[in-house]
Amino acid sequence: MKNIEKFKEGDLINNFFICRAAESKVTRLGDEYIDLILEDNSGSIRGKVWSYADVFKHKFKKDDSVAIKGKIISYNNKLEVNVLSINKAAQSIYRSYGYDKNLLIKKIKENESKLFDELLNYVKQLSAGYKKIITKIIKTNHKKIKSIPSLDHGYRLKGGFIKQIVSILRLNKNILPLYKDLDKDLVISGIMIKNIGLVNYFNDDVGCTISEENEMLDSRLLGINLINDYYSEYSNFPQEIKTKLQNVILSENLYQDNQLNYINSLYQFNSSVNHNNSEENLC
């Protein structure tokens with residue numbers, strides 16, 4: 001099997017993909033077809049099911065792994081798959097043909113466990129008040145923190161969440177000493193939890209899928225709720241720290257607060273720098 005990045009016009013394929021989008025449509029003549037976005041660990045490609053769409057649309061759904069027979073064609077100067085057959089790729093049936101969903105997921109090149117150890121070293125730099133709550137959040141959610149993507153461009157792949165956080169912490173390490181008036185504890189904690197709601201936004205599965213319920217929620221709201229949950233576990237936890245952490249999650253440079261604006265600026269700069277060097281692919 002070829003990866004998407006190696007497809008050429010005219011190739012006949014028998015491949016496994018993750019179906020990232022599937023939409024039933026109708027041609028101008030009234031014929032039903034299915035418009036697909038297919039993905040493997042090298043990229044994504046559009047596909048279309050023209051024949052027996054009414055039958056095939058019941059055999060799979062969005063975010064399923066799928067087994068496809070088809071032909072690579074060129075349409076509007078872009079390659080796409082003319083799908084001749086499509087079915088959900090069940091591990092029990094397709095394992096002998098080389099199917100493994102883990103091999104379809106694009107992930108960061110760095111070692112997630114090493115990045116997590118580096119993250120914990122930054123946590124150790126915090127004063128007692130911040131360290132207690134941040135340690136609890138990080139260690140309780142360590143599996144998802146290491147595996148989920150971020151939503152920011154350049155980090156939309158498996159492990160992108162922790163890669164982004166550690167990248168920004170490294171950047172901050174070099175810049176923060178220049179600004180003596182900034183609150184070191186809040187800045188480091190804020191970088192870590194700014195998008196922490198994503199640990200509940202993404203499902204705990206190989207494909208990092210998103211439930212319909214979570215698609216309707218803002219990940220920032222999930223982050224606020226997460227802080228509330230952990231805050232409730234500590235009867236003597238300072239209200240001031242809770243409020244500051246929640247403001248970091250909510251803020252988008254709307255407040256005249258140097259700490260919040262500094263954290264947001266680091267995220268914006270990091271995202272813009274990675275825009276042109278993107279490994280982008282939603283996991």
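**View 1. Pairing of strand 1 with its neighbours.** Lys25 stands opposite Tyr33, a residue of strand 2. The model shown here and in the other views is predicted. Strand 1 and strand 2 (residues 32–40) run antiparallel and are joined by eight bridges. Five residues lie between the strands in this hairpin, where Gly30 takes a positive phi near 90°. Strand 1 (residues 12–26) also runs antiparallel to strand 4 (residues 65–75), with seven bridges between them. Phe17 has Val66 of strand 4 as its bridge partner.

**View 2. A network of salt bridges that includes Lys25.** Salt bridges link Lys25, Asp35, Arg46, Lys48 and Glu80 in a network. In total, the structure holds 16 salt bridges. Side chains of opposite charge can pair when their charged atoms come close.

**View 3. The largest nonpolar core.** This core has 53 residues, and those with the most contacts inside it are Leu119, Ile134, Ile145, Ile191, Met192 and Ile196. Among the elements that give two or more residues to this core are helix 4 (112–123), helix 5 (128–140), helix 7 (160–175) and helix 13 (258–275). Apart from it lies another core, of 19 residues, including Leu38, Phe60, Ile68 and Ile86. In soluble globular proteins, nonpolar side chains tend to be buried together.

**View 4. The surroundings of Leu119.** Leaving aside residues up to four places away in sequence, Leu119 touches Ile138, Ile145, Ile162, Ile165, Val166, Leu169 and Met192.

View 5. Glu118 and Arg170 form a salt bridge, with their closest N and O atoms 2.8 Å apart. Glu118 belongs to helix 4 and Arg170 to helix 7, so distant parts of the chain, 52 residues apart, are linked by the pair. Glu118 counts as partly exposed because its relative accessibility is 21%. Arg170, at 38% relative accessibility, also counts as partly exposed.

View 6. Lys136 forms a salt bridge with Glu233, and the closest N and O atoms are 3.8 Å apart. Because Lys136 lies in helix 5 and Glu233 in the loop between helix 11 and helix 12, the pair ties together parts that are 97 residues apart in sequence. Lys136 has a relative accessible area of 30% and is partly exposed. Glu233 is partly exposed, at 45%.

View 7. The side chains of Glu240 and Lys244 meet in a salt bridge (3.2 Å, N to O). These two residues are four residues apart in helix 12, so about one helical turn separates Glu240 from Lys244. Glu240 is exposed, with a relative accessible area of 53%, whereas Lys244 counts as partly exposed at 27% relative accessibility.

How values were computed:
Residues numbered from 1 in each chain as written. Predicted model: local features only at pLDDT ≥ 70, side-chain atom pairs only at ≥ 80, totals over all residues. Heavy atoms only, no water. Core = buried A, V, L, I, M, F, W, Y, C linked by side-chain atoms within 4.5 Å. Buried < 20%, exposed > 50% of the residue type's maximum accessible area, 1.4 Å probe, protein only. Contact = heavy atoms within 4.5 Å. Pairing = 2+ DSSP bridges. Salt bridge = Lys/Arg side-chain N within 4 Å of Asp/Glu carboxyl O.
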